[in-house]
Structures are given as structure tokens and as C-alpha cells.
Amino acid sequence: MEDMASENVSLAPFVEMDMSKIGHAAVQVSLGERSWPPSAGYSFVCWFQFRHFLKSQAKDTEPSKTGPSKRRSSSNGQHILRIFSVGMASDDSTYYAELYLQEDGVLTLATSNSSALSFSGLEFEEGRWHHLAVVHSKPNALAGLFQTSVANVYLNGKLKHTGKLGYSPSPAGKPLQVTIGTPLNCAKVSKLTWKLRSCYLFEEVLTSGCICFMYILGRGYRGLFQDTDLLRFVPNQACGGGSMAILDSLDADLPLATPKLESTNKQGDSKADGSGIVWDLERLGNLSLQLSGKKLIFAFDGTCTESVLASGVFSLLNLVDPMSAAASPIGGE
């Protein structure tokens with residue numbers, strides 16, 4: 001579908017998941033016979049919005065907190081907006097990562113039936129686009145005995161929560177798949193509808209600066225962050241004080257050897273030019289260069305291939321060419 005009235009982002013495609021008829025709608029991506037998680041960790045990033053879901057009273061009464069929890073299931077009658085999961089292709093009930101939003105507004109990342117991390121206090125609004133990123137690190141083999149895996153959650157460019165959450169490693173040689181949305185075995189009819197725009201899975205741990213820059217690029221950006229001049233895609237309205245305030249509040253931990261961008265199509269400096277727009281080209285340029293080297297497993301922008309009319313199945317176009325510089329070695333089909 002195309003969003004015709006999308007807050008200054010015109011004709012931006014998206015996929016709509018409607019739970020009102022059959023209770024399930026999902027995009028599934030094969031990972032082949034590869035193990036999960038990736039050796040360094042992963043980052044899942046998407047733009048999404050939803051309607052007819054949240055119970056508003058829960059957000060006002062529950063304080064903001066992060067902590068371990070038992071994984072909740074839709075079998076207890078609770079509605080869940082299933083966003084992202086990784087599991088075995090041959091076993092619908094086995095998951096090694098699952099990200100979902102409960103109707104009380106609590107976002108949860110689970111790695112098994114008994115291991116999960118809940119992030120309450122996040123401000124999700126129905127009918128508004130949200131930029132959501134989950135970054136889950138994995139200590140290397142030498143540090144594994146002394147470090148715990150850490151999960152970070154970002155909402156609209158800002159780091160909101162961080163917590164410790166271990167992995168449930170997948171068995172070797174078993175086909176895996178990523179599911180975006182609600183699969184058939186979790187079907188539950190409800191009024192929920194939600195839309196997915198740009199969606200990415202990296203096999204690397206992204207920094208706060210990378211996540212912030214992706215948010216600044218906005219919902220209208222449809223690419224793999226490999227462009228020679230990413231700054232030309234930054235919308236003017238994104239360069240106001242709000243976005244720069246996020247940049248000022250984070251530690252981008254940029255590599256000292258990161259080259260600086262020498263030229264750009266945009267003009268300005270780190271001060272207001274009278275129009276209310278603030279430019280910080282050096283910082284944005286460094287962040288864009290840092291992001292351009294990250295490896296992707298898949299990237300969707302809402303563009304669909306031709307539908308198979310007989311079955312009613314649509315196929316999303318994966319923007320990641322397995323042979324491109326942006327592609328992850330572990331792939332995605």
C-alpha cells in the first residue's frame with residue numbers, strides 16, 4: 001500500500017497486517033542452515049504504527065522499568081503485537097528470539113519460554129509512526145565467561161532501556177527463518193491492524209549514533225545506507241533542535257580513524273541559520289560513514305513483488321543483493 005497522507009512523506013510504501021479476519025499475517029525470511037545468533041550480535045530496526053490495540057490505562061499506572069520476566073503467551077487471552085522472531089523453519093513453536101508488544105504497552109524481548117526482558121514505560125501512540133530498534137550484543141568467545149549479553153531498546157532515535165539477556169543458541173545444521181508479524185500457529189482474531197514501512201536486520205551491533213542517524217533519515221528513506229552521500233537524504237525538518245538534541249545526548253563512540261566528509265550538497269554549520277534548522281554536518285557525516293559499513297541480512301521498504309493470485313500470497317522485495325557490499329555473510333533469502 002502507499003501512504004497518501006503521511007506527515008510530509010508522500011507515496012511511501014508500507015505493508016499492512018490486519019488481524020480482524022483470520023488473525024495472522026506475516027513476512028517470513030529464510031536464514032538457511034545457519035546458527036543463531038550471529039557471532040557479534042544483531043540489530044533489528046523498523047518503522048511501524050498500529051491501531052486498535054493498546055489499553056491506555058496501563059501506561060499511566062505502571063512505572064518505567066526494565067527487568068527480566070516470564071515470557072507471556074497469547075494462549076492466556078492477552079493480545080500481542082508480534083513484531084519480530086527467529087525460529088526453526090520446521091518447528092513453529094521453537095523461538096530463539098522474539099520481540100513483541102503487549103496490549104498494556106510493555107515491549108518484551110524473549111529468547112526462550114523462561115528467559116525474557118521487558119521494557120515498560122515506553123510511549124507508543126496509536127496511529128503514529130514509531131522508529132523502533134533493538135540491539136542485542138553477544139560477547140566474544142574470550143569474554144563470554146565474564147560478560148553477559150546486553151539488549152538495548154531505542155524509540156524514535158533515543159536509547160530508552162538497556163538490560164542483560166542471554167541467548168538460546170540454535171542447533172547447528174537446522175534451517176532457521178525470521179518471521180515479521182504473526183504466523184499461522186499464533187493466530188488470534190482481533191481488531192488490531194499495524195503497518196510496517198522500512199525494516200532492517202543487521203548481523204552487527206549498531207551504536208547509538210547509527211540508530212539516531214537512521215531515525216534522522218526519516219520514514220521516507222528507502223535504501224541500504226551505502227550511498228556515497230547519505231546526507232542528501234536527510235529531510236530539512238529532521239535537522240531541527242529535537243534531532244540535534246538527541247545527538248548531543250549520546251556517546252556515538254566513533255572510531256578515531258573514521259574519515260570526515262569533505263563535501264555535501266547541504267550547506268550550513270552547527271548554528272541556527274535563522275530558519276529554525278540546525279546543521280552539524282561533521283557529526284552527521286561521520287555517523288553516515290560509520291553506518292555505511294554495516295552488514296545486512298535483509299532490508300524491506302514495503303515494496304511488493306507480483307502477487308500469486310491463486311494463493312493470495314504477496315512477496316516483499318528484499319533490497320539486499322547477496323553479492324553486494326551491504327550483504328551479510330550469513331545471508332538472507
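## A buried serine in a loop

Ser-112 has a relative accessibility of 17% and therefore counts as buried, since the cut-off is under 20%. This serine is found in the loop between strand 9 (107-110) and strand 10. A polar atom of the Ser-112 side chain lies 3.1 Å from the backbone nitrogen of Ser-115.

Across the chain stands Gly-163, 46 residues away in sequence. The C-alpha atoms of Leu-117 and Gly-163 are separated by 7.2 Å.

## The model as a whole

This is a predicted model. The protein chain has 333 residues, and buried residues make up 52% of them. Its secondary structure comes to four helices and 16 strands. Take the contacts between residues at least 6 apart in sequence: 72% of them join residues at least 24 apart.

The average pLDDT is 76, and 68% of the residues score at least 70. Over residues 56-65 the pLDDT is below 50. That stretch has 16 contacts in the model beyond near neighbours in sequence. Residues 70-77 also stay under 50. For them the model has 20 contacts beyond four places in sequence. Where pLDDT is low, the predicted coordinates should not be read in detail.

Start with strand 5 (residues 41-51). Strand 5 runs antiparallel to strand 11, and eight bridges join the two. In this pairing, Gly-41 stands opposite Ser-137 of strand 11. Strand 11 (130-137) is mostly covered, with seven of its eight residues buried.

Strand 11 also pairs with strand 12 (residues 150-155). The sense is antiparallel, over five bridges. Here Ala-133 faces Tyr-154 of strand 12 as its opposite residue. Strand 12 is mostly covered too: five of its six residues are buried. Next comes strand 13 (residues 158-164), joined to strand 12 by six bridges in an antiparallel arrangement. Val-150 stands opposite Lys-164 of strand 13. Strands 12 and 13 form a hairpin with two residues between the strands. In that hairpin, Asn-156 takes a positive phi near 50 degrees.

## Aromatic rings and charges

The count of aromatic pairs comes to 17. One of them joins Phe-50 and Phe-124. Their ring centres are 6.5 Å apart and their planes meet at 55 degrees, so the pair is tilted. Phe-50 belongs to strand 5, while Phe-124 sits in the loop between strand 10 (116-119) and strand 11, so the pair ties together parts 74 residues apart in sequence. Both phenylalanines are buried.

Ring pairs also build a cluster. It links Trp-36, Tyr-42, Phe-44, Phe-84 and Tyr-167. The charged end of Arg-197 sits over the ring of Trp-129, 4.1 Å from its centre. Likewise, the charged end of Arg-219 sits over the ring of Trp-47, at 5.6 Å from the ring centre.

Gly-218 follows the helix, and its phi is positive, near 85 degrees.

Helix 4 (residues 281-291) is also largely enclosed by the rest of the structure, because eight of its eleven residues are buried. Leu-281, Leu-284, Gly-285 and Asn-286 are among them.

Terms used:
Residues numbered from 1 in each chain as written. Predicted model: local features only at pLDDT ≥ 70, side-chain atom pairs only at ≥ 80, totals over all residues. Heavy atoms only, no water. Phe/Tyr/Trp six-rings, centres within 6.5 Å; stacked < 30°, edge-to-face > 60°. Buried < 20%, exposed > 50% of the residue type's maximum accessible area, 1.4 Å probe, protein only. Lys NZ or Arg CZ within 6 Å of the ring centre and 35° of its normal. Pairing = 2+ DSSP bridges. Polar contact = N/O pair within 3.5 Å; in protein donor to acceptor, adjacent residues only side chain to side chain. pLDDT = per-residue confidence, 0-100. Contact = heavy atoms within 4.5 Å.
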